[in-house]
Amino acid sequence: MAIPVIMPRQGQSVETCIIGEWYKQVGDQVKAGDLLFSYETDKASFEEEAKEDGELLAVFFEEGDEVPVLINVAVLGQRGESVDEFRPGGEQPVDAAAEAETVPEVEAIPDTEEKPVVLSGQPEGNVKISPRAKVMAEKLGVPYGKVQGSGPYGRIIAQDIAGAAEALPKLTPLAQEKAKAEGLTPAAETTGLGGRAAAENLISYNPVYGDDFEVKKLTNIRKLIAKAMHQSLQNSAQLTHHMSADARQIMALRKSFKKKLEAGEVSQNITINDMVCFAVIQALKKFPQVNTHFIGDSMRWFKKVHLGLAVDTERGLMVPAIKNADDLSIEGLSSQLATVAGQCRKGNVDPELLKPEAASFTVSNLGNYGVEMFTPVINLPQTAILGVCTIVPRPKDLGDGVYGFVPMMGLSLTYDHQALDGGEATLFLKEIKEQIENLTL
Amino acid sequence: MPKVQFIDPQDVRKAGEVSFQPIPVNQYSKSIEDEKANFSKEDFLRIYHDMVVIREFETMLNEIKTKGEYNSVPYNHPGPAHLSIGQEAAAVGMAYTLGVEDFIFGSHRSHGEILAKGLSAIHQLTDEQLIDVMENHFDGKTFAPVKANFQGTTKELAVRFLIYGTLAEIFARETGFNRGLGGSMHAFFTPFGVYPNNAIVGGSGDIAVGAALFKKVNRKEGIVVANIGDASMACGPVWEGLTFATMDQFNQLWEGDMKGGLPLIINIMNNQYGMGGQTCGETMGYKVAARIGAGLNADQMHAERVDGYNPLAVIDAYKRKREILKEKRGPVLLDVLTYRFSGHSPSDASSYRSKEEVEAWQAVDSIIWFGNELVEAGVATADELDAVKANTTDLITWGLKLSIDDTVSPLMDMEKYPELIGEMMFSDSPADSMEPGREPEVNHPMEENPRVKQLKNKERFAFDKDGKPFSKIKQYGLRDGLFEAIVDRFYKDPTLIAYGEENRDWGGAFAVYRGLTEALPYHRLFNSPISEASIVGTAIGYAMCGGRVIPEIMYCDFLGRAGDEVFNQLPKWQAMSGNVIKMPVVLRVSVGSKYGAQHSQDWTALPAHIPGLKVVFPATPYDAKGLMNTALQGTDPVIFFESQRIYDIGEQFHEGGVPEGYYEIPFGEPDVKRAGKDLTILSIGATLYRALEAADQLQEKYGMSAEVIDARSLVPFNYEPVIESLKKTGRLVITGDATARGSFMKEMASTITELAFDELDAPPVVVGSRNWITPAYELEDAFFPQADWIIDAIHEKIVPLKGHVVKSNFTTPEQIRRNKLGI
């Protein structure tokens with residue numbers, strides 16, 4: 001009997017996944033345990049194995065399609081078996097379906113005079129369109145937002161779409177797809193067969209650039225980052241304080257750890273970042289008001305420190321959380337930071353750890369890249385984030401009027417002024433500085 | 001009115017008076033000593049035993065309901081239990097003389113009657129017959145837990161089977177007599193002659209009459225007993241059943257061996273209360289229920305009151321009344337006086353009667369009294385009676401434990417088999433005849449029938465080869481299609497009978513049956529009283545017993561008169577019996593016009609709303625004949641709608657006209673009467689012709705090609721052809737003559753919107769009648785949907801039509817206004 005292959009669910013919060021690659025094609029014989037396809041969630045990627053032997057009878061989604069979890073993506077079974085009952089019920093890939101229609105409130109007077117189907121210059125407010133006309137418009141690549149409705153109360157009905165499709169230059173299939181995806185319209189001159197507009201005839205509305213660019217769709221993770229960052233700046237009162245810490249002690253520690261590692265005395269490579277994080281944890285214990293989430297009319301004060309660490313990956317920025325980081329020794333912290341960073345880069349990190357709610361405070365380290373100062377963006381609903389900058393030698397009073405160049409590490413604390421006042425933030429930043437300068441391990 | 005009966009004014013206008021015979025009341029006066037000649041010790045003990053079994057069974061249920069346990073066995077029974085503690089002598093006396101082939105029908109308070117009749121049947125059946133019955137009921141499913149590890153005699157085993165099957169049924173177990181689908185108020189077991197008990201007060205009052213009709217018409221052995229309560233004598237359908245049962249025609253018009261009354265006893269189990277209402281002194285005026293017999297026929301229904309607290313008095317009455325029925329002088333009315341100690345139901349606090357009254361009756365408790373009499377007369381010892389009681393307690397305890405044991409007595413597994421009940425709603429088992437092998441009784445070969453001969457000369461297609469219509473009189477009409485299907489079945493199925501108002505001689509008010517009178521003897525086609533409840537109710541009883549029947553109620557508007565029968569009885573019994581019973585009833589219902597508010601309504605939505613009925617409404621001769629053939633070939637209840645507007649309409653669609661031979665049209669398949677591509681019109685019933693008119697106008701005036709689909713069936717209904725049409729057109733008008741609000745058109749509109757949303761270019765628009773009374777014929781065009789209305793609705797709601805000027809108002813504000821006002 002044919003069985004469906006579903007898009008698995010990864011974590012409670014994951015609603016959709018994107019299909020990465022199909023390892024098997026329709027018609028292939030598959031053994032239980034064979035890899036069928038890869039897929040990615042918001043921030044991690046996975047591979048799905050076949051649960052049973054059989055022939056891959058049907059595949060309902062293409063590579064790159066975004067698929068709601070628990071929806072059938074393929075069917076395994078014996079040759080000749082019907083797959084229709086498994087086909088997700090007219091389910092469109094989410095991108096298309098997500099453009100929900102809203103019914104406008106406009107009152108219009110029914111027109112008994114038949115109006116020619118015209119493309120009005122501008123879309124006018126919300127669009128009323130019959131279900132049939134909408135399906136038809138999508139099929140024909142007609143941008144129905146610009147079509148004048150001839151149905152009752154100005155509703156766009158099937159005949160309007162048919163008319164609009166007539167009025168528009170006919171498109172080649174490829175052009176239809178491109179037009180739909182990129183919101184383009186054909187130029188007056190066409191080069192396709194039978195006067196059809198080919199893909200190359202499509203133009204955008206910008207007269208300056210013409211088509212001197214390629215439109216690339218955002219990856220799912222990019223969309224999410226974009227949304228999160230934009231929301232953060234819109235929904236909080238962020239400002240950043242800068243300060244620098246004497247890095248001599250921490251550099252000395254790093255040197256001694258490195259020596260021990262090379263000598264094989266320890267197995268854990270403890271980095272400067274690990275030590276900064278360790279120092280931050282100690283500071284957070286003294287300033288619990290920073291180890292918080294700001295949620296409008298109240299704040300979550302965490303009893304433990306759940307430290308988020310910004311990790312740069314090929315897919316984009318990820319911020320995994322280390323739970324109960326204040327329970328860890330420097331070795332333990334170092335090891336866990338290395339593990340989650342590795343998982344992020346490989347794409348198999350637990351999605352639950354990537355949620356902004358998972359961490360109580362975040363550290364973002366751009367020191368390796370030579371950044372001297374920056375304004376990190378808070379990972380809402382957290383109340384603050386520490387940016388760690390590169391170490392630069394700065395003149396310093398070494399005592400008795402002697403000045404020398406001392407390696408100083410830049411620290412940039414962005415905090416939400418809704419949650420913290422400048423004084424508190426400054427004292428907290430100063431505490432971090434002191435923890436770093438007086439670190440003993 | 002048959003011509004042979006002459007109403008002589010000289011005669012009927014003569015002065016005189018009506019005299020009545022005295023109605024006997026509690027005349028039985030024999031002692032045990034007197035009866036020793038008629039009853040052996042075993043007989044006396046059996047009577048005692050059966051009463052004790054019923055008492056203990058009911059006591060157990062009472063304790064389960066009120067205390068949550070019996071004999072230390074705990075159980076929670078959430079369902080009903082209407083007990084008859086105190087009425088045992090009446091039940092046992094009623095059943096004692098009945099044969100297995102005698103049928104009893106009951107009420108909501110019939111556990112005692114089921115057990116009494118079951119025990120009586122077990123006493124009469126041989127061991128082989130009993131094993132056969134038990135092994136074959138649901139393939140031994142009920143029997144299996146009973147026979148496991150049992151060592152005693154077959155009779156003992158059968159008693160256990162009876163106790164267990166009834167109890168498992170009450171507790172909704174799959175192993176119950178009706179798979180747990182009937183329950184306490186509907187339990188029955190036909191192999192022992194126990195026919196459905198009925199939770200509607202008086203429900204058996206007309207159904208049992210139909211069962212007696214079945215026995216008479218089909219010459220089956222046995223009599224029928226309707227056990228109904230004293231309070232049910234107030235119910236219209238009971239009275240209707242009585243008038244049907246006492247029709248003069250049985251004696252005056254039915255011929256040969258059919259002459260004579262029905263083998264029926266109306267047995268009023270008179271416990272003197274209807275719930276809390278006291279029938280003597282408060283809610284009725286008859287004082288003695290037996291009085292009713294005097295109002296019904298010259299025989300006064302041989303009515304008498306019997307003391308139901310003495311089992312021997314009841315047995316005596318049954319012996320005497322059976323003789324009357326043998327002489328075909330039935331029916332009989334018995335008023336069996338009894339009393340229940342238990343309340344109407346366990347929640348009844350008996351606030352309507354005094355403690356003293358209950359105690360006074362308990363002081364004359366029939367079981368204690370009868371036991372004492374037996375001991376005093378030296379028939380049995382006190383020890384023997386105590387042993388009966390002890391054994392019964394063990395039996396009932398055993399039955400309770402077994403029937404609540406989820407492993408052997410499971411509930412239906414609705415999770416594993418979610419469609420189990422759905423599969424039982426219809427029997428769907430086509431049959432040429434309900435009694436194959438028996439020759440149908442007819443007056444002449446079919447080809448000699450005058451109507452059949454006349455139809456030979458009719459044009460079976462409405463138009464000649466040039467497309468010109470034949471004259472109306474030449475055309476083979478819709479009524480002819482119905483006639484052909486019905487007459488054909490009368491010659492195939494010997495059990496088929498038809499009746500209703502003006503069915504014989506007149507040929508039906510709309511001439512469908514013209515010619516049938518000549519073909520059929522009286523007992524297969526006759527006129528009923530003008531009482532729709534009895535017409536439908538008796539048909540239900542007739543079908544329950546194994547016959548096929550066509551009741552006809554003339555106008556659709558009279559459906560309300562048969563409300564309980566059509567809504568509560570006809571649709572329910574197939575599934576409630578666990579599919580033991582079939583219901584081959586084709587109820588003909590005609591939708592009128594011209595006759596105003598109470599004779600012109602299309603009520604298709606009412607039966608369509610009730611699960612368990614099939615509903616069809618043909619609009620062409622070809623469809624009428626094909627659908628009637630299918631209805632009569634089936635075994636399910638069909639509400640067969642016809643329209644008086646089109647009985648004479650010729651066949652305009654089926655190529656080659658209406659075939660002369662037999663053919664069926666499957667239920668549920670709509671039919672495309674005209675193909676089109678721009679708009680779909682789905683019509684119900686005679687509105688088809690106005691839809692076609694609208695389609696013509698759309699084509700001529702607006703160049704729009706409409707596809708016209710005739711629904712033909714409402715239940716079942718296959719939506720696929722409509723969706724296919726919508727894929728082409730994207731636009732839908734649904735029209736019919738029913739008032740639009742709550743109509744089946746609205747049901748279709750809603751379902752289609754769900755099923756084909758993406759195909760729709762506009763919402764499906766319903767064009768039905770206005771939500772008013774039907775006015776006079778002269779004003780009907782303002783009430784019933786017209787072709788113009790369909791076009792106006794399209795223009796307003798689907799696609800504006802160029803140059804169209806609307807006459808009727810289908811705008812949104814108007815729709816809102818009308819709904820606000822409820823019109």
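**Entry 1**

I began with A:Asn365, which stands opposite A:Val388 in β19(A). I note that the model is a predicted one. Asn365 of chain A lies in strand β18 (residues 361-365), and four bridges join this strand to strand β19 (residues 384-399) of chain A. I recorded the two strands as running parallel.

I then looked at A:Val388 again and found A:Leu411 of β20(A) opposite it. Here β19(A) is joined by 13 bridges to strand β20 (residues 402-416) of chain A, and the two run antiparallel. I noted that β19(A) and β20(A) form a hairpin with two residues between them. In the turn, I found a positive phi of about 55° at A:Asp400. As background, I wrote down that strands of a sheet pair through backbone hydrogen bonds, either parallel or antiparallel.

**Entry 2: an open sheet in chain A**

I next followed a sheet of four strands in chain A, which is open and has the order β5-β4-β2-β7. Its pairing is antiparallel. I found β5 (45-49) and β7 (66-68) of chain A at the edges; each has a single partner strand, so one side of each is left without a neighbour in the sheet. On average, neighbouring strands of this sheet are turned by 40° against each other, direction ignored.

I looked up one pairing of this sheet in detail. Strand β4 (residues 35-40) of chain A is joined to β5(A) by five bridges, with the two strands antiparallel. I found A:Tyr39 opposite A:Phe46 in β5(A).

**Entry 3: helix α3 of chain A**

Which residues of helix α3 (residues 158-167) of chain A are buried? I listed A:Ala158, A:Asp160, A:Ile161 and A:Ala164. They cover an arc of only 160° around the axis, which puts them on the same side of α3(A). Among the elements that cover these buried residues I found α2 of chain A.

**Entry 4: the contact between chains A and B**

I met helix α2 of chain A again in the contact between the chains. The contact takes 14 residues from chain A and 13 residues from chain B. Helix α2 (residues 131-140) of chain A gives the most to the side of chain A that touches chain B, namely four residues. I sorted the residues of that side into seven nonpolar, four polar and three charged.

**Entry 5: domains of chain B**

I recorded the division of chain B into domain 1 (32-104 + 202-407), domain 2 (446-643) and domain 3 (671-821). For domain 1 and domain 2 of chain B, the C-alpha centres lie 37 Å apart. I found 23 residues of domain 1 of chain B in contact with 24 residues of domain 2 of chain B. On the domain 1 side, the elements that give two or more residues are α9 (204-217) and α10 (236-245) of chain B. I noted that α9(B) gives the most, with nine residues. By class, this side has 13 nonpolar, seven polar and three charged residues.

**Entry 6: helix α25 of chain B**

After α25(B) comes B:Gly730, which has a positive phi near 70°.

Definitions and conventions
Residues are numbered from 1 along each chain as its sequence is written. Chains are lettered from A and ligands numbered from 1 in the order in which they are written. This is a predicted model: local features need pLDDT of at least 70, side-chain atom pairs count only at pLDDT 80 or more; totals for chains, interfaces and linings use all residues. Two residues are in contact if their C-beta atoms, placed from the backbone, lie within 7 Å. Ala, Val, Leu, Ile, Met, Phe, Trp, Tyr, Cys and Pro count as nonpolar, Asp, Glu, Lys and Arg as charged, and the others, Gly among them, as polar. Two strands pair if DSSP finds at least two bridges between them. Axes are lines fitted to C-alpha atoms, for helices over the stretch in contact, and angles run from 0 to 180 degrees between N-to-C directions. Domain bounds come from an automatic or database domain assignment. A residue is buried if 20 or more other C-beta atoms lie within 10 Å of its own, exposed if 12 or fewer, and partly exposed in between; C-beta atoms are placed from the backbone. The arc is that of the directions from the helix axis to the C-beta atoms.
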